[in-house]
Every structure is written in C-alpha cells, then in structure tokens.
Amino acid sequence: MKTSQKILLISLDLFNSQGEQNVTSVDIAMELDISPGNLYYHYKGKEQIIKALVGMYCDQMEKLATPKCDDSLNLEQFFVYLQQSLNTLYLFRFIFQNSAELSIKYPDINKALQRCASIQRKKLTHILSTLLQQKILTADQSNITFLLDIISLTMYQSLNFYQMQGTVLGDPEVIYRSLMTMFFSLQPFYNDELKGCQEIKNKIISKSLIE
C-alpha cells in the first residue's frame, strides 16, 4: 500500500476514535512511524487530509448501487440501500460527529458534502416515487419532501444525537438504531395490505438485512 493511502486510513481511524479536533499532523506521523516532513510531502497539513477523506466518502456514497426502480422494487431493497448508506456514513463518522464545527474550520469541504447530499437526495426521490407508484407507500407525491426530510435528518444527525446521549460511536449498533428509527418513522405510510414489514423489522433487529 502506498504511503499516501496509509496516511488516509490511519488518519480516518484516529479522527473516528479520538475526534478530528484532538488529532494533529504530528500525531498522524507518529502513528505511522514516519517523520512529519514525510507526511507533509504527501499532504500539506491536516486540512488536505480531511479534504481527501471527504472526497473518499463522497465517492463511496455516489458509487452505492441503488435498487432498480421498476415493478420489482420492494420495501426491503429500499432499507438495504439505507443500511448501505448508513454503513458508509459510519465509516467516515468523524465528518458528522461535529459537522457544523468541521464546516467552519474547513469551509471548502461544504461544497463537496452538499453536492454528495444532493445526489443522494435525487436517488432517494426516485426510489420513494417508485414505492408510491406501486402503492407500497400510501402517501402521495406531495409528501415526498417530508419523507426525504425524515430520512435525511435521521441519517445525518443521528450520530450527533447518540453522542449527546453518551453512546459510544465506535459501536456499530448506532447503524441499526438509526435504521430502526427510519423504519418506525415511515411506518404510518406503509400500505396496510403490505406483507413482509415484520420480517424487515426482524432483520434489522437481528442485523441480517444484508445477506
């Protein structure tokens, strides 16, 4: 593995476990057992490392395979996609633990994150529209914005919420708690005749949704 890649992976681990604000470029160099000068050769300071990690996050989010939006689409496929999104977000969780503070310190990352969120919102809009057309969800098209807000708020703000509650964010349990929050938030919109909801719920609880 190239040194530049090692720097990003070690930085990501340190930022996630200790908080970005508590990690310096020297800390990263020491963890890698390289000189600060060697680190500087690859990345001119911590800001460049953070920009590169945000770029990795956006790239992985945009490459997530979305379910095919046709007559074969079902609710479980939708929640599989949500879980994959949460898994990616969790992998780069330092970005969202203190996103407001991070955006102030490094304003250049805002555009990348906003673009990424906009692309994902379009994907979710397409999926929700298909679920509505198939009567899997019983809301109408005018409710899509509301449903998108529920999903987005849970996805991007859940880490801050759990952190305030004293939850250790290193525990991947927060992924399934966030996913279950989405499941219950959307429950009023499930078609009463829809089968399989209980099975999806059980798979989320047992962490077996993605097989």
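Predicted model: local features only at pLDDT ≥ 70, side-chain atom pairs only at ≥ 80, totals over all residues.
I began with serine 103, which is found in helix α7 (residues 99-105). Helices here are DSSP runs (H or I, at least four residues), numbered from the N terminus. Residues are numbered from 1 along each chain as its sequence is written, and side-chain values use heavy atoms, with hydrogens and water left out.

**Serine 103**

I looked up how far serine 103 is covered. Its relative accessible area is 17%, so serine 103 is buried. The scale runs as follows: buried is under 20% relative accessible area, exposed is over 50%, and partly exposed lies in between (1.4 Å probe, protein chains only). Next I checked its side chain. The serine 103 side chain makes a polar contact with the side chain of asparagine 110, at 2.7 Å. A polar contact is a pair of N or O atoms within 3.5 Å; within protein, one must be able to donate a hydrogen and the other to accept it, and residues adjacent in sequence count only if both atoms are side-chain atoms.

**Helices α4 and α8**

I then turned to a helix pair. Helix α4 (residues 46-62) packs with helix α8 (residues 109-133) at an angle of about 10°, and their axes are 10 Å apart. Axes are lines fitted to C-alpha atoms, for helices over the stretch in contact, and angles run from 0 to 180 degrees between N-to-C directions. The angle makes α4 roughly parallel to α8 (under 35 degrees). On the α4 side, the contact includes Ile50, Val54 and Tyr57. On the α8 side, Leu113, Cys116 and Ile119 are among them. Contact means heavy atoms within 4.5 Å. I sorted the contact residues of α4 with α8: 10 are nonpolar, one is polar and four are charged. Nonpolar covers Ala, Val, Leu, Ile, Met, Phe, Trp, Tyr, Cys and Pro; charged covers Asp, Glu, Lys and Arg; the others, Gly among them, are polar.

**Positive phi**

Aspartate 33 is not a glycine, yet has a positive phi of about 60°. I placed aspartate 33 in the loop between α2 (25-32) and α3 (36-42). Aspartate 33 counts as exposed, at 71% relative accessibility. Lysine 207, also not a glycine, has a positive phi of about 60°. Lysine 207 sits in the segment after α11 (197-205). Lysine 207 is partly exposed, at 40% relative accessible area.

**Glutamine 18**

Last, I found glutamine 18 in helix α1 (residues 3-18). Glutamine 18 is partly exposed, at 42%. Glutamine 18 and phenylalanine 94 are 76 residues apart in sequence and 8.9 Å apart in space, C-alpha to C-alpha.

Definitions and conventions:
Helix = DSSP H or I, 4+ residues; strand = E, 2+ residues; numbered from the N terminus. Parallel < 35°, antiparallel > 145°, perpendicular 65-115°, else oblique.
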